[in-house]
Amino acid sequence: MEKAFDGERAARDAMKGTTDVSLPIRVSAAALLAGDENQRRNLIQSLKKHGYAIIQMDDQTTLAAKNLENIAWKYFAQPDDVKDRNSGADRSNLGYIRVKGTREFIKLRPSDETRLWPNKEALPDFEQIYRDFYQRMFTLVWSAFRTLADSPGTGNSPLLNQNQIAAIEDFVREKSSVSMIHYYPQAEKESCVCEEHKDTGLLTAVFKTGVPSLQMWDKASEKYVKIEELANDSELILFMGEKIPLFAQQEKSLPESQRFLGTPHRVIVPEATVDRLSMAFLLDVAK
């Protein structure tokens with residue numbers, strides 16, 4: 001099985017990203033939060049069939065994302081020694097982290113200790129802007145997760161029972177986070193700055209960036225899709241991590257198009273010498 005997987009991944013790695021695909025039906029965030037059954041069905045179908053969904057955001061959430069993007073740029077413009085003070089080296093993958101040659105990022109949860117947060121004197125509005133964005137995203141992505149959890153799993157049972165949902169909610173309220181990622185300029189076009197991987201959490205939501213580079217594996221077309229080139233500025237991309245199939249009660253004999261599975265994705269920056277800032281909300285039960 002390992003060799004088969006490696007072969008499949010090697011074949012995907014060799015693929016060029018495309019925009020020549022039939023996209024899933026857009027899902028309205030407002031209607032989803034209101035419990036609209038058509039939007040719930042569209043979300044379930046999109047995630048099963050394609051591996052991702054495109055969510056149309058309201059103006060307030062779009063503005064909250066723009067505000068966080070603007071202050072994140074200010075954060076990353078600070079000297080390295082200032083950012084290093086927010087390092088979470090003793091707490092894996094939290095706080096400020098630098099990945100040599102490709103990117104730097106800061107990943108924060110609302111409950112994280114003060115030393116992981118940007119200096120309040122240098123960026124006095126950072127925490128308020130972060131918390132506004134976080135709360136809006138948590139409300140939306142948790143609603144999406146509940147939609148998946150209530151959908152049919154094995155037999156006539158829901159994907160997750162109420163006890164499981166309650167236990168997961170306790171953890172995600174503590175462990176979910178926002179990552180702000182600054183990708184460094186690269187010397188060459190079409191540079192892969194983040195290789196194919198699946199996120200380790202439950203669900204990830206990312207906004208379109210100023211340098212469209214995210215490519216999602218589309219289960220329906222079996223192609224890598226340049227999803228940011230196909231999304232509007234007020235839309236985000238929602239996709240699944242590896243813990244979805246871990247927790248979900250799914251019939252494993254069903255084809256992949258009828259199951260919730262973690263979605264492979266990668267980041268290939270199309271232009272040289274450009275900076276890219278990405279923001280991701282990660283619904284998760286662990287750091």
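Which residues in H3 meet which residues in H6? Arg40, Leu43, Ile44 and Leu47 in H3 meet Ala144, Thr147, Leu148 and Asp150 in H6. The model is a predicted one.

**The contact of H3 with H6**

- Helix H3 covers residues 37–49 and helix H6 covers residues 126–150; the two pack with their axes 10 Å apart, at an angle of about 80°.
- Angles of 65 to 115 degrees count as roughly perpendicular, so H3 is roughly perpendicular to H6.
- Sorted by class, five residues of this contact are nonpolar, one is polar and two are charged.
- Leu43 is one of the H3 residues in the contact, and Leu148 is one of those from H6.

**The sheet of eight strands**

- Eight strands form an open sheet, and their order is E1-E2-E10-E7-E12-E5-E4-E3.
- The pairing in this sheet is mixed.
- Strand E1 (27–28) and strand E3 (95–99) are the edge strands, each pairing on one side only.
- E7 and E12 run antiparallel and are joined by four bridges.
- Val206 stands opposite Ala280, which is in E12.
- Helix H4 (residues 59–76) packs on this sheet, where it touches E3, E4, E5, E7 and E12.
- The direction of H4 makes about 120° with that of E12.

**The sheet of four strands**

- Another open sheet has four strands in the order E6-E11-E8-E9, and its pairing is antiparallel.
- Its edge strands are E6 and strand E9 (223–225), and each of them pairs on one side only.
- On average, neighbouring strands of this sheet are turned by 25° against each other, with direction ignored.
- Three bridges link strand E8 (residues 214–218) and E9, which pair in the antiparallel sense.
- Trp217 has Tyr224 in E9 as its bridge partner.

**The largest cavity**

- The structure has one cavity of 30 Å³ or more.
- The space in the largest cavity is about 50 Å³.
- Its lining consists of Phe145, Leu148, Ala149, Leu159, Leu160, Ile244, Phe247 and Ala248.
- H6 and helix H9 (243–247) are the elements that give two or more residues to this lining.
- With three residues, H6 gives the most to the lining of the largest cavity.
- By class, the lining has eight nonpolar residues, no polar ones and no charged ones.

Notes. Residues are numbered from 1 along each chain as its sequence is written. This is a predicted model: local features need pLDDT of at least 70, side-chain atom pairs count only at pLDDT 80 or more; totals for chains, interfaces and linings use all residues. Side-chain values use heavy atoms; hydrogens and water are left out. Axes are lines fitted to C-alpha atoms, for helices over the stretch in contact, and angles run from 0 to 180 degrees between N-to-C directions. Angles under 35 degrees count as roughly parallel, over 145 as roughly antiparallel, 65 to 115 as roughly perpendicular and the rest as oblique. Contact means heavy atoms within 4.5 Å. Ala, Val, Leu, Ile, Met, Phe, Trp, Tyr, Cys and Pro count as nonpolar, Asp, Glu, Lys and Arg as charged, and the others, Gly among them, as polar. Two strands pair if DSSP finds at least two bridges between them. On a 1 Å grid over the protein atoms alone, a cavity is a set of points where a 1.4 Å probe fits but cannot get out, and a pocket is an open set with protein on both sides within 12 Å along at least five of seven lines; lining residues have an atom within 4 Å of a point. Grid points are joined across faces, edges and corners, and a volume is the space filled by probe spheres set on the points.
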